[in-house]
Amino acid sequence: MQTPHCRTNNLLLILLGPILLAVGRAAMESQAALYEREREPAYWDAQARATLDAALRLRPREHQAKNLILFLGDGMGVSTVTAARILRGQMEGGSGEETMLAMDTFPYVALSKTYSVDKQVADSASTATAYHCGVKANAKTVGLSANAVAYECNTTFGNEVFSVLRRAKAQGKSVGVVTTTRVQHASPAAAYAHSVSRSWYSDADLPSSARRQGCVDIATQLVTNVDIDVILGGGRMYMTPIGTPDPEYPTSNSRKGDRKDKRNLIDVWLKAKPNKKSRYVWHKKEFDEINVKATDRLMGLFEPKDMRFEVFRNSTRDPSIVEMTEKAIQILSKNPKGYFLFVEGGRIDHGHHDGIAKLALTEAVMFDRAIHRAAQLTRESDTLTVVTADHSHVFTFGGSTPRGNPIFGLAPKKADDKMPFTSILYANGPGYVHVNGTRGNITMVDYYDEEYMQQAAVPLDAETHGGEDVAIYAKGPMAHLIHGVKEQNYVAHVMAYAACLEPYKNCPPHPHSRTSSGCVNTTPSHLFGLLSLLWLLR
């Protein structure tokens, strides 16, 4: 017998079926035909009515989440999301503006205030402490309250704060970290480490005074503070004894292991759980050969430091963020108690700091593809998925560009100095180049090149973070708690509450047995996303 939940879903499909079919046909039309239809008010009225119809049927999932996934786009401000959306659409042959990213289909959205206790414009360490641990903190510190002072080792002790990842592990869930940076970088580090310096990657980075006072490097904390089941990203050199040749770059002195204590932390991690099947890989071939059914724990470190930008990634040697996310979910989901997974698109931030928009936006597109893949591998009925950013960047695009203008292209009119300018610009950064008192003339420059550095208004060696609010997207159990304008540390509290983790005791109820009734997981929010995709996708 069908449950009311299933009957509701079937009714929605019946009601929306004709609309979905019509929209599906529309999606196949040419760009010219789309523009022609957009001139008519009926097009926009019908689209809005269909979206409204789906929104009216949206109901919150007011039960406990079995699984938690936190996607963090480092430096992924709203302008970056919009530009990445256009880029993805144009990569697929469309105009771009009407494209829907995977994160765009999430039914609940809020704004996150990203300032830290000591900074108006925050860094990735203090913000990571906020969304991982639930408290705002000081710049440069990870996993510590604002009572800790950056670089002062003796302020570490007694000021530790604990992440949702650590709390999930304490309740028997599996946990994982996936990043395109080094796994010891600020964003993942706050999930497991407590350090007054985000830069203390290995013991070689620790000042002698900090070592004497008992501070521990982040790489050591990675393998000793909490048992992390899946660790995927870069950062090999911080895990091996000083002078150890890198397996991928054996002749490179700058990529050798740099641990002064001569410990091999990879071995420490492998031997930590002798009763579990643990694997370490550093090459995509080994990664691809991993049998997820026969693997309980997996560490994959694919570069000595950060992983390569997607634009330059060697697809035969390094997995993509999509592939790492997929493998992590496949391993973690074997735990009947559920899991917590943190996935960071970390090099969006690095591309922006370099002032090279193509690097940043390509990373953002791949990050969104990882979100899409995760959606295919999970059920919205038992998995709370949150997508957000730690901070923004001083990145923008404008200039009265026409519809379908290439996102990396020129604005239609020349500036007052009679020279062209790209739509994308930075407020500051290395792109500030003036010749004889005037900015460079880009007429003969290939501004579509992967390493083209957009022009900037103020000269800096590295472009800076932006201080405006960033978006939070959510779907799944208790996702409706993501709404309005919130402090960034609220994210950790929603995730902890949804999964009934410390400190929360008065928790959402467990889901009804209907969630496992065999009913197809076609929910109002899925339909909302599907409808939006079909109406807008080119």
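Biologist: What is the torsion about the S-S bond of C500 and C507?

Modeller: This is a predicted model, where local features need pLDDT of at least 70, side-chain atom pairs count only at pLDDT 80 or more, and totals for chains, interfaces and linings use all residues. Residues are numbered from 1 along each chain as its sequence is written, and side-chain values use heavy atoms, with hydrogens and water left out. The C500 and C507 disulfide (a pair of cysteine sulfur atoms within 2.5 Å) is right-handed, because its S-S torsion is about 75°.

Biologist: Is C507 buried or exposed?

Modeller: Buried means under 20% relative accessible area, exposed over 50%, partly exposed in between (1.4 Å probe, protein chains only). C500 has 18%, so C500 is buried. C507 has 16% relative accessibility, so C507 counts as buried.

Biologist: Which residue forms a disulfide with C153?

Modeller: The structure holds two disulfides. In one of them, the sulfur atoms lie 2.0 Å apart. The S-S torsion there is about 115°, so this disulfide is right-handed. The partner of C153 is C215.

Biologist: How many residues apart in sequence are the parts that C153 and C215 tie together?

Modeller: C153 and C215 form a disulfide. C153 sits in the loop between α5 (124–133) and α6 (164–170), and C215 in the loop between α8 (208–212) and α9 (218–224). Helices here are DSSP runs (H or I, at least four residues), numbered from the N terminus. The parts are therefore apart in sequence by 62 residues.

Biologist: What is the relative accessible area of C215?

Modeller: C153, at 3% relative accessibility, counts as buried. C215 is buried too, with a relative accessible area of 9%.

How values were computed. Helices (H or I, at least four residues) and strands (E, at least two) are DSSP runs, numbered from the N terminus.
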